[in-house]
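Dear colleague,

I am handing over the structure that follows, together with a short account of what was found in it. Please read the account beside the coordinates.

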Amino acid sequence: MSNTAVELMKTPLNAAHRALIAKMVDFGGWDMPVQYPAGILAEHEAVRTRAGLFDVSHMGEIRVKGPGALALVEHLTPNAVSKLAIGQVHYTAFLYENGTFVDDLLVYREGEQEFLLVVNAGNSDKDFAWVQQHAKGYDCTVVNESPATGQIALQGPLSVSILQPLTKTPLEPIGYYFFTHGEVAGIKCLISRTGYTGEDGFELYCAAGDTERLWNAVMAAGTPQGLLPAGLGCRNTLRLECKMALYGHEIDDTIHALEAGLAWIVKLDKGDFIGRAALLAAKAAPAPRKLVGFKTLEKRDIARDHMPVVQDGKQIGFVTSAAPSPTCGINLGLAYVPTELAKTGGRIQIEIRGRAVAAEIIPTPFYKRAK
Amino acid sequence: MFPADLKYTKDHEWLKPAGDGTALVGITHYAQDALGDVVFVDLPEVGEAIGHGEEFGTVESVKTVSELNMPSDAEILEVNGLLADHPEAVNEDPYGKGWMVKVRLKGALAADLLDAKAYEALVSAESH
């Protein structure tokens with residue numbers, strides 16, 4: 001609503017979003033659709049019950065290739081890269097020496113010594129510089145492929161049914177967090193069975209110039225099955241219900257990987273990596289705080305991102321993300337609280353516009369799809 | 001989008017005087033569109049006196065929350081009971097079924113209320 005001083009970056013689908021009458025917002029310097037005319041609730045429901053199509057072309061892609069590629073990615077990330085099969089993907093992070101987050105990312109193993117690193121849009125330049133800085137002494141090339149790459153995410157239980165008629169690549173055999181290369185609607189793609197919604201689905205990477213043609217083909221194939229274009233608004237509620245971290249919320253450069261509940265991406269026994277020493281030390285000491293899921297007890301009490309968690313009028317923690325949950329029908333959130341309070345069924349108080357309201361700690365993820 | 005029989009605030013509330021000293025108050029089409037799907041409307045108690053510009057409630061959407069400010073000095077006569085179970089009425093019919101409170105006006109209408117033309121100009125300036 002306000003005048004923007006700097007020119008926002010645009011994905012190859014900017015015109016397509018405007019043609020669909022999307023509401024556009026500044027997201028980390030990118031002009032992105034927050035919702036289409038159907039609205040966040042309808043888009044959220046479409047992804048949970050049918051399918052939604054997201055533009056995620058703003059994400060950053062960094063390719064690392066050469067005889068030293070595996071050693072470099074092992075050094076840069078806490079998850080066990082050598083365990084990845086060619087054609088497999090995993091979730092991981094770039095950490096600082098103190099164990100806090102530069103960013104979170106996906107690592108795609110394209111070959112024995114070739115990796116595609118997919119990072120957050122808002123951190124893309126910082127991440128590329130980080131990888132370059134640490135690549136010295138490793139025999140490999142580091143290329144920022146972000147400007148040349150488009151990406152769309154088809155998410156929801158009807159994803160296979162919508163996408164299969166557009167490609168000769170058999171989709172059903174692609175396992176969750178695996179990928180392959182193929183053609184979709186005649187366009188060369190990296191077809192990845194991944195996503196950020198908790199539903200089955202595919203992330204399709206293609207040349208930037210092909211993105212709009214790919215988007216239109218998937219929209220046309222999916223519309224008869226109830227596919228909706230889906231914006232960042234429902235992307236946030238979908239990922240929150242599944243307790244998937246968002247940089248700047250659950251994780252940032254003040255929170256380390258273990259307290260974020262991400263011990264499963266930290267393989268302390270894999271050999272050295274940046275942040276390992278700090279996380280070893282953190283693991284040996286009792287954790288002062290923990291990320292928990294909560295629901296507020298009254299319908300009118302809707303917690304929001306960054307609100308304080310309080311006790312006797314003093315702040316003891318903070319909400320990272322919170323919203324009314326479209327799927328669960330209750331007001332949910334994630335918060336860092338002192339470890340001694342982090343028990344399922346325990347009560348905490350959230351300060352909402354000056355008023356301390358009751359919340360109950362509940363198990364996460366809040367939503368899990370039926371297998 | 002901008003009914004001529006309403007008065008508007010710069011914060012995107014509307015007020016519709018009934019001519020008998022009472023009025024309905026709600027939020028504008030522009031406001032509901034900016035909020036997106038409304039999921040809860042928190043409204044005051046009947047009988048409360050609320051001054052011009054003071055908060056009388058909040059409207060919560062999936063993505064954000066907005067304060068409701070009273071367009072003119074008033075006392076709450078009635079709150080729209082429909083909104084408790086059907087907050088989406090605010091999106092579907094912001095000037096009709098989505099009204100929020102019925103008030104008794106106290107004294108003269110606030111001097112800073114806008115007519116439809118002035119409000120339309122304000123919204124068109126905010127949208128660009």
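In chain A of this predicted model, 6 strands close into a barrel in the order β14-β17-β16-β15-β18-β19, with antiparallel pairing; strands (E, at least two residues) and helices (H or I, at least four) are DSSP runs numbered from the N terminus, and two strands pair if DSSP finds at least two bridges between them. From one strand to the next the twist averages 45°, where axes are lines fitted to C-alpha atoms, for helices over the stretch in contact, and angles run from 0 to 180 degrees between N-to-C directions. Within the barrel, β18 (residues 347-352) and β19 (residues 355-362) of chain A pair in the antiparallel sense over 6 bridges, and A:Ile348 has A:Ala359 in β19(A) as its bridge partner.

Chain B has 4 helices and 9 strands, and its radius of gyration, taken over C-alpha atoms, is 13 Å, close to the 14 Å that the globule rule (2.2 Å times the number of residues to the power 0.38) gives for 128 residues, so chain B is as compact as a globular protein of that length.

As for the interface, 10 residues of chain B are in contact with 14 residues of chain A, contact meaning C-beta atoms, placed from the backbone, within 7 Å. The largest share of chain B's side, 3 residues, comes from its strand β4 (residues 38-42).

Residues are numbered from 1 along each chain as its sequence is written, while chains are lettered from A and ligands numbered from 1 in the order in which they are written. Because the model is predicted, local features need pLDDT of at least 70 and side-chain atom pairs count only at pLDDT 80 or more, whereas totals for chains, interfaces and linings use all residues.

Best regards

Methods
Two residues are in contact if their C-beta atoms, placed from the backbone, lie within 7 Å.
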